[in-house]
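Q: Hi! Could you walk me through this one?

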Amino acid sequence: MNTKRFITFLMIISFLVINILPAYAQETKEKTILTLAEIQELALKNNRNLKTLDLVMDQAEKLEYIYDNEYDKARANSIGNYQLSRPDMEQLAEVESAISNYEAIGFNENMDPTRDLPLAALLPLYSEADQRALFAHYMTLVLTQKMLTQKITGTEEIVEGQMSILKLLGVADSTSIVKQLREEKENAEYAIDDLKRIKQDAEKQIKQTVSMLVFAAIKLQDNINLLEKTYDQYLKMTSVERIKKSSGLASGTDVDNMAVKASNYGKQLKFARENLRILKGKINDFMGRDINNTLQIVKYNVNTVVIPQPSYEAVIDEIIKNTYEFYKLDREIEDLEDELDDIDGSNEKAIKKDEIEKTKLAKEEKEVEIKNEVKKLLANYHEKAKAYQLAQIKLESAAKEYEWEKIKYQSGLISKLMLTGSELKYLKALNESAAAGYDYELAKKEFELAREGVFLSEEYYNAKKQFEI
């Protein structure tokens, strides 16, 4: 089976999936307050890549149907000498039905295969060679139709030139037609299986990407809330310094330094607000909404109990088994070995054996790549889990300190300004703990996806780095 014919087809689909595009806007009444689960649901519903996959899968299923029908017919018949298993009229009706399937996607018998291809609008992802093969199948049906028509009208002559046309298209006889149809039928079946897995993996990648963007938005909103309080605090502290200066208790430099700090926090606040606006626009776009629509995200609560990462040895075999790339390589090796059994020439056998060996080496290389990636994911899982645990300890300490400062304030031992300073330290620790929790949650999910055989794209990690808070 020639698996190379649809490699380009699958590469294009993979590119569409990896580069996850925004969804189409939907004109519906929209909620303004959404949970992570609701955002994920809308993203899956409206993502244009998933819609494209559905369309391409539908095309592949139609082609598989055509191949399946024509393969069965080719096995029962031979060019120029038809052994009909049914009455001629019934057989002719089936052939004409099959021809109409081809013509519905753009084929016609007047096409010049050296000039008019590529041709069918329904097959934009297929190479010129693939389309020529389809055209050969179509012409076989056309010739079959003419011969059946002649037989029904009492004429046994074969249409002049029909065999030369088939030879021009690389089909010498009915045996080669049957073989080609069987190969194309298998290709279509494999493509359907691969597309189903691609869509499953795409849905998981989209959900993870949405989680990453939502967590980034929540962290940014928390940071904005803290910056607003901090900016206000430094404005008040600047006013205090000015009062102290008027009383001779502070210098102009002290006032200027405090004013600069306040200004810097103001700039950070403005920048953070703009980033949040852009980020929410991206999330809206993923959901199929206008980028400027109002969006409030319900805070996601990460479990405070950290689950230790499993050992590499405990999971690597499971991950390799679940990685679809290994399944496809095993499938290709099996097909190549089947082809080897059908080859007689020694040179041809040697070439096919080399091809098998190359595929096996590719499988070994992929296995090494996966093993290294799993080690990185486990190391990141461990790092984020430890950071989350440490952030929780720091938060607990900051909370106790803040409670003590409130008691001191109530006793008149410290000023309101000093209490606010302690509150800001506590809020900072709270934000850092929440952020560490989100980072841990993403790392854990990245590993869980790998365990299912899904490895996230480079674009995902680039976007994740871009939105790190």
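Q: How many helices and strands does the protein chain have?
A: The protein chain has 13 helices and 2 strands, taken as DSSP runs numbered from the N terminus (helices H or I, at least four residues; strands E, at least two). This is a predicted model, where local features need pLDDT of at least 70, side-chain atom pairs count only at pLDDT 80 or more, and totals for chains, interfaces and linings use all residues. Residues are numbered from 1 along each chain as its sequence is written, and side-chain values use heavy atoms, with hydrogens and water left out.

Q: At what angle do H9 and H11 pack?
A: H9 (residues 312-322) and H11 (residues 346-410) pack at about 135°, with their axes 11 Å apart. Axes are lines fitted to C-alpha atoms, for helices over the stretch in contact, and angles run from 0 to 180 degrees between N-to-C directions.

Q: Which residues make that contact?
A: From H9 come Tyr312, Ile316, Ile319 and Ile320, and from H11 Glu367, Ile370, Lys371, Val374, Lys375 and Leu378. Contact means heavy atoms within 4.5 Å.

Q: And what about H9 and H12, how do their axes cross?
A: The axes of H9 and H12 (residues 416-451) come within 8 Å and cross at roughly 65°. Here Val315, Glu318, Ile319 and Asn322 of H9 meet Phe447, Ala450 and Arg451 of H12.

Q: Switching topic, what share of the protein chain is buried?
A: Of its 469 residues, 42% count as buried, meaning under 20% relative accessible area with a 1.4 Å probe, protein chains only.

Terms used:
Buried means under 20% relative accessible area, exposed over 50%, partly exposed in between (1.4 Å probe, protein chains only).
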